[in-house]
Every structure is written in C-alpha cells, then in structure tokens.
Amino acid sequence: MIVAVIALGLLAGASGLLLGFAAIRFKVEGDPMVEQIDAVLPQTQCGQCGYAGCRPYAEAIAAGEADINRCPPGGQNGIAALAELLGRDPKPLDPESGIEKPKMAAVIDEQSCIGCTLCIQACPVDAIVGAAKHMHTVIARECTGCELCLAPCPVDCIHMIPFAPSITTWKWTYPAVEVKAAA
Amino acid sequence: MSALFPFHGGLKTVRHKTESNQTPIQAGILPPRLTVPLRQHIGAIAKPLVQPGDRVLKGQMIGQPDGYISAAIHAPTSGVVSAVDQQPVPHPSGLSDLCVTIESDGEDRWIDREPVDYHRLHPSELRQTIRNAGVVGLGGAGFPSAVKLNLAGRSEPLATLMLNGAECEPWITCDDRLMRERAAEIVAGLQIMAHLLGPAEVLIGIEDDKPEAIAAMTAACAGTSYEVRPVPTRYPSGSVKQLVKLLTGRETPVDGLPVDVGVQCFNVATAYTVYRAIHCGEPVISRVVTVTGQVHRPGNLEVLIGTPFAELIKQCGGYRDGVERLIMGGPMMGFALHSDEAPVTKAANCLLAAGPAELAAELPVLPCIRCGACMDVCPANLLPQQLYWHARAKEFDQARDCHLFSCIECGCCSHVCPSHIPLVQYYRYAKNEIWAQEKEKQRAEQARQRHQARMERLEREKQEREAKLRQKAPVRTEVAPHLDPLISAPSPTKGEGSGQAG
C-alpha cells in the first residue's frame with residue numbers, strides 16, 4: 001500500500017516537473033493563429049478595418065473581437081480565404097469599412113508638391129521619398145494603394161492611378177460560356 | 001531502327017500540310033517600315049540601345065539582353081529609327097509592348113559580318129556569340145538558347161542532344177520546308193550545339209508524314225553519328241516532353257526539364273539560326289513563316305522580323321472570302337490575332353487565315369458527362385476532367401495538386417470533348433490566377449516587412465528621444481542644489497540642446 005502511494009506520488013511529481021519544464025522550454029511566442037490570419041491579409045496597412053494596420057486587425061480577428069468582412073483591399077476573395085482558414089461562412093464585405101476597388105497606386109503631381117513631408121510621415125510602408133522643401137515622389141513598386149497619404153496633403157497633389165494593363169500582368173479571363181442543360 | 005516509346009494519349013489530326021509545303025521557301029519583300037518588339041523571348045525584355053533618329057545597319061544590335069534569361073534584338077534592315085515606344089504586338093491580349101520602329105532606307109546594308117571558327121573559341125565565348133546573335137527557340141516558346149547550351153552546374157554529362165523536327169501542328173510546314181531545303185545548314189548548326197554540349201548521342205525526331213524532310217536530313221547526316229528517327233504522326237509529338245519520351249523512353253519529372261533526365265532538345269530552325277550566327281556572323285533577323293488557310297497562294301516565306309502580318313498576306317495573294325480569324329501558330333495551340341498590323345516575331349511560325357472550314361464550329365457547351373475521353377487523349381497523363389472541376393470552381397489549390405502546371409495546353413482534351421467544353425481555356429485561366437496570386441503574395445510580404453521595419457524605426461526613435469529626456473533630467477536636479485562648477489559647466493549646453501529637441 002505504502003509502496004504504491006510513494007511510487008504513484010513520485011510518478012506524479014516527475015510528470016509535473018517534466019510538464020512544467022516543457023511549458024517553459026517549448027513556449028510558443030505569439031499566437032500562431034494571428035500569423036496565419038496576417039498572412040492572408042493584403043498588407044495594405046490602410047486601416048479601413050478600423051485597426052492600426054493588418055496585424056492589429058489579425059489579432060482582433062484571432063481574439064474574436066472583429067469580424068472577417070472588414071478588409072476592402074482583400075475584397076471578396078480575401079473574405080473567402082479568411083472564412084476557409086477560420087472554418088466560418090463567407091459573408092459580404094461590410095460597407096461601413098469601404099468598398100472593393102481595383103488596385104491603384106498613389107502618384108504625386110510633382111509640379112504642385114510643396115515639400116511638406118506630411119505624406120512621407122503618413123505612408124505606412126515608407127514608399128514616399130523626399131525631404132523638407134524638396135519635391136517628393138512615390139516609389140510605385142512599393143505603394144500598397146492605402147490612400148493614407150491623400151488626406152494629409154495640404155495642396156491635394158496626390159492622386160490614385162489604377163494600374164495600366166500590360167503584357168506582363170495580363171491574364172486569361174474566366175471562360176465566358178453558358179452551359180446548356182442537355183435536352 | 002531503334003524502338004520507339006509511345007507517349008500516352010495524343011490525337012490523329014486531319015493533316016493540312018500539302019496546302020503550304022508544295023512550293024519552295026520564298027524570300028519576303030522588304031517592307032518600308034518594320035516594328036521590332038523588344039520582348040520576343042521568355043525572360044526579361046531587352047534594353048533598347050537606340051533612340052529615335054539613329055541610323056542603324058542590318059544586323060546591328062538594337063536591344064541588349066537584360067540579365068541571364070533574356071535575348072538580344074537586332075535591326076532586320078538598314079534605315080532610321082523613327083520611334084521607340086509601345087506598339088501592338090502579337091499576343092492573345094492584343095496589348096502593346098515596347099518596340100523599335102525602323103523606316104527602311106531600301107539599301108538593306110549589313111554590318112560587318114564575321115564568321116567564327118568555333119573550334120578555336122572557348123565554350124563560354126561561343127555561348128556569348130550565340131547569345132549576342134539573339135538566338136532563341138524558334139519552335140514557338142522563344143527560350144534563350146545560350147542558356148540551354150550551358151550545362152555548368154550539372155555533374156553528369158548529357159546523354160542525348162535532340163533536334164525537334166516533328167512539327168505536329170496540322171497546318172504548319174515551315175520546319176518541313178527548312179529541312180528539305182537547308183538540311184546541311186541545320187546539321188552544321190547541330191554540330192555547334194553538339195560541340196558545346198558533348199552528348200553521348202544525337203537524335204533528330206521527324207514525323208513520318210514528311211518523307212522528303214527525313215530523306216534530306218538523313219543525307220545531310222551522312223558521315224556523322226547523328227541519327228534521324230522518324231516518329232509516327234501523332235499530335236502532340238512535337239511537344240518537348242512527349243518527344244523525349246517517344247525517342248528515349250525517359251519521362252521528364254513534374255516541375256522538371258528534359259535536361260533533368262539527360263536530354264536537351266532544340267527546334268530545327270533554332271539549329272539553323274545557330275549556323276547562321278557562327279558560320280555567317282548573322283544574328284536572328286528573319287525566320288520562315290507558314291502562311292496558310294484562306295489565302296490565295298499559301299506557302300512559306302522567309303521574312304524579316306518586324307514585318308507586319310498584313311504584308312505576308314499580301315505577298316501570298318491576299319485573303320480569300322470568308323476569313324473569320326487570323327491565327328498565329330497552329331489551330332491547336334495558337335491564338336487569334338487582334339489585328340494583321342502586328343509584326344512577325346521570332347516565335348511566329350505560322351499565320352493561319354481561318355475561315356469556317358478551318359475553325360471548329362462553335363457548338364453549345366453542354367454539361368460534362370464524365371466520359372473520360374479527355375483523360376484518354378491527355379499526353380501529359382493528367383485527369384483533365386478533375387482539373388476542369390477545380391478550375392471552374394476556382395479551387396486553385398486543388399487544381400495545382402492535380403498537377404495543373406504539367407498541362408502543356410495542347411488542346412487534345414478540348415478537341416475530343418463531346419460536350420464541347422473549352423477545357424484549355426479553364427486551365428489557362430487557373431494558371432494565370434495562381435501566378436497572379438503568387439505575385440500578390442510576394443508584394444504583400446514585401447509590404448509587411450516594410451511596415452514592420454517602419455514600426456521598429458519609429459519605436460527606436462521614440463526610445464532615443466525618451467532616453468535623451470531622461471539623460472537631461474538628472475543633470476538639472478544635480479546641478480541646482482550643489483552648484484558644483486565642474487558639473488554645472490556643461491549643463492547649459494545640454495539644456496540648450498534638449499530645449500531645441502523639445
């Protein structure tokens with residue numbers, strides 16, 4: 001009897017130590033779910049969802065605080081991807097956060113730019129270069145089209161230009177066929 | 001004769017070779033204006049070397065290869081560059097691309113052409129010469145040949161060098177005529193390729209509906225160890241992976257290249273341009289194009305790159321009545337041109353003026369009945385029906401898992417489908433979407449990293465500011481009560497500095 005109690009006690013103690021050690025040694029930093037959600041988001045960092053960027057929105061979704069239909073740049077495809085990831089039903093985009101638009105890039109009208117640096121400070125991905133009282137310009141390749149630079153500009157010299165179709169970005173479209181029911 | 005290893009599936013197509021292969025290759029006329037696209041190959045677009053107003057000579061390089069996988073572009077005739085801008089190019093989209101427009105001066109004056117003794121050149125110099133001559137695969141893909149002629153980094157020597165003269169598309173005869181008329185030159189080009197690659201065997205695959213070409217090539221190969229292998233006429237035997245299987249029995253792995261199984265394959269016309277580049281010092285500025293279908297005098301023309309397609313049609317007697325579509329490439333794998341003003345490129349092997357007889361009638365699309373006919377003809381051993389379901393439902397991951405990217409878009413499945421489903425269109429759509437998504441993902445990842453770097457920078461700056469403030473604060477409290485001259489001395493400057501910062 002006493003042997004059994006001691007044996008079981010030792011076993012329980014050893015297991016407890018092992019588990020305690022594993023909890024410290026193999027601790028997962030951050031929430032892996034947040035990473036996965038963040039990977040699906042378009043990384044525009046536009047804040048239209050009401051959060052300060054894609055990652056905060058991902059954290060809010062993971063915590064169950066935000067719905068999955070608040071990302072206009074991701075659009076319906078993005079919502080579908082989130083729904084698939086989280087095992088929920090897709091739903092239409094929340095019109096409160098914005099509408100889905102074709103991808104665009106900001107372009108500064110360099111004639112009108114006064115070099116105030118406000119847009120540089122607003123750009124979430126450092127895609128605008130320039131210095132105080134010198135002309136600014138957008139690195140088109142890095143621009144995510146978040147539109148955050150539009151509002152601060154005091155002379156309204158920034159415009160959103162849609163991407164021109166080119167041979168390299170052209171895609172075959174979904175076949176436009178009407179399937180007839182067999183008679 | 002060695003055994004053949006038939007590939008899975010394929011089709012017996014109705015041959016239309018005799019329409020265009022009865023007459024010798026004609027020289028194309030020199031058009032007054034040539035529009036030369038700077039992207040005629042797979043890889044990066046060539047960098048323009050000329051500006052409007054420049055005089056150029058025939059064969060002068062006007063576009064420089066930009067990076068390893070890229071190709072040089074040359075002036076097809078002498079004249080004056082009138083524009084370097086966006087012009088319509090032959091592409092399924094009908095969009096424009098960067099082109100050099102040359103107004104011909106009618107003199108057709110060459111640069112100094114220097115033939116090269118390739119035995120004396122170091123292999124890398126020889127490859128460089130071929131690269132500078134703008135040699136790309138002329139079978140239609142346009143992959144830079146100099147890249148394929150470099151086996152550096154592969155430990156095993158090449159087993160087989162293969163020349164593709166199968167020409168399986170039912171209407172195209174440009175390779176057929178080239179082999180009949182210029183077999184010796186093709187074999188001379190092949191010798192240069194063999195010199196670079198050092199293969200154990202050299203095979204030439206030609207479909208057996210071209211007996212004259214087989215005879216001519218066999219005669220030209222006399223005295224060499226090169227072997228001409230007639231292959232049964234079965235579409236798509238001219239597709240690289242299928243021809244490799246047919247002649248060597250080796251299967252190219254998924255996501256792999258024939259060179260992974262020890263085979264390197266070139267088109268016969270490519271070997272011909274290698275010959276021109278080395279033995280004549282002439283870059284690729286012309287090619288043989290089959291003009292066939294609803295034109296008055298179908299045939300093969302050797303035309304300058306940049307010649308508008310309309311000129312070719314004119315030289316072949318013009319359109320007959322009832323032309324509905326102009327197709328570049330064959331009816332199986334080609335695409336409809338938006339205009340006949342687009343120019344001939346290195347990849348343009350055939351121009352088919354298609355009337356109702358050449359086009360498959362547009363029949364109503366019916367639901368898939370799961371008959372499996374597509375699977376029986378798929379030369380890539382895929383399940384076209386399964387791919388169709390996934391592509392149609394936009395389930396791209398599943399389509400990829402069913403080896404969507406092994407599809408060679410030969411069109412056999414669409415051809416046999418009793419429900420007339422445009423299967424290949426679905427596969428092309430799915431492939432394009434997957435590529436676009438992939439690109440989008442890369443962009444997003446880049447934006448994420450830039451955003452993160454910015455946040456870290458802002459945080460660092462904030463901490464630095466706070467550290468400065470903290471540093472300033474203790475100095476003041478110390479100085480005031482003790483009035484120690486040693487400590488108080490630097491304090492005004494510090495106070496000033498932080499005052500500015502604040």
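1. Let us start with a pair of helices in chain A: α2(A) passes α3(A) in a right-handed crossing. Please keep in mind throughout that this is a predicted model. Helix α2 covers residues 32-40 of chain A and helix α3 covers residues 54-62 of chain A, and their axes come within 8 Å and cross at roughly 125°. That angle makes α2(A) oblique to α3(A).

2. Which residues bring α2(A) and α3(A) together? On the α2(A) side you will find A:Met33, A:Val34, A:Ile37 and A:Asp38. They meet A:Cys54, A:Arg55, A:Ala58, A:Glu59, A:Ile61 and A:Ala62 in α3(A). Sorted by class, this contact has seven nonpolar and three charged residues, with no polar ones.

3. Now step back to chain A as a whole. Its secondary structure comes to five helices and four strands. Reading from the N terminus, you pass through the elements in the order α-α-α-α-β-α-β-β-β. The radius of gyration of chain A is 26 Å, well over the 16 Å that the globule rule gives for 183 residues, so chain A is more spread out than a compact globule. Along the principal axes, the C-alpha atoms of chain A fill a box of roughly 90 × 70 × 35 Å.

4. Of its 183 residues, 23% count as buried. Among contacts in chain A between residues at least 6 apart in sequence, 57% join residues at least 24 apart.

5. Helix α3 (residues 174-181) of chain B packs against helix α7 (residues 268-280) of chain B at an angle of about 50°, and their axes are 9 Å apart. α3(B) and α7(B) are therefore oblique to each other. Here the crossing of α3(B) past α7(B) is left-handed. B:Asp175, B:Leu178 and B:Met179 in α3(B) meet B:Val268, B:Ala269 and B:Tyr272 in α7(B). This contact has five nonpolar residues and one charged residue, and no polar ones.

6. Next, please find B:Tyr235, which sits in the loop between β11 (227-231) and α6 (240-248) of chain B. Is B:Tyr235 buried or exposed? B:Tyr235 has 27 other C-beta atoms within 10 Å, so it is buried, the cut-off being 20 or more. Not counting residues up to four places away in sequence, B:Tyr235 touches B:Gly10, B:Leu11, B:Thr13, B:Cys168 and B:Met332. B:Cys412 is 177 residues away from B:Tyr235 along the chain, yet their C-alpha atoms are separated by 8.2 Å.

7. A last stop is B:His390, in helix α10 (residues 384-392) of chain B. With 21 C-beta neighbours inside 10 Å, B:His390 counts as buried. Leaving aside neighbours within four places in sequence, B:His390 is in contact with B:Glu395, B:Gln398, B:Ala399 and B:Cys402.

Note on methods. Residues numbered from 1 in each chain as written. Chains lettered and ligands numbered in written order. Predicted model: local features only at pLDDT ≥ 70, side-chain atom pairs only at ≥ 80, totals over all residues. Helix = DSSP H or I, 4+ residues; strand = E, 2+ residues; numbered from the N terminus. Rg over C-alpha atoms; globule rule 2.2 N^0.38 Å. Buried ≥ 20, exposed ≤ 12 C-beta atoms within 10 Å, placed from the backbone. Contact = placed C-beta atoms within 7 Å. Axes fitted to C-alpha atoms, helices over the stretch in contact; angles between N-to-C directions. Parallel < 35°, antiparallel > 145°, perpendicular 65-115°, else oblique. Left-handed = near helix turned anticlockwise from the far one by under 90°. Nonpolar A, V, L, I, M, F, W, Y, C, P; charged D, E, K, R; others polar.
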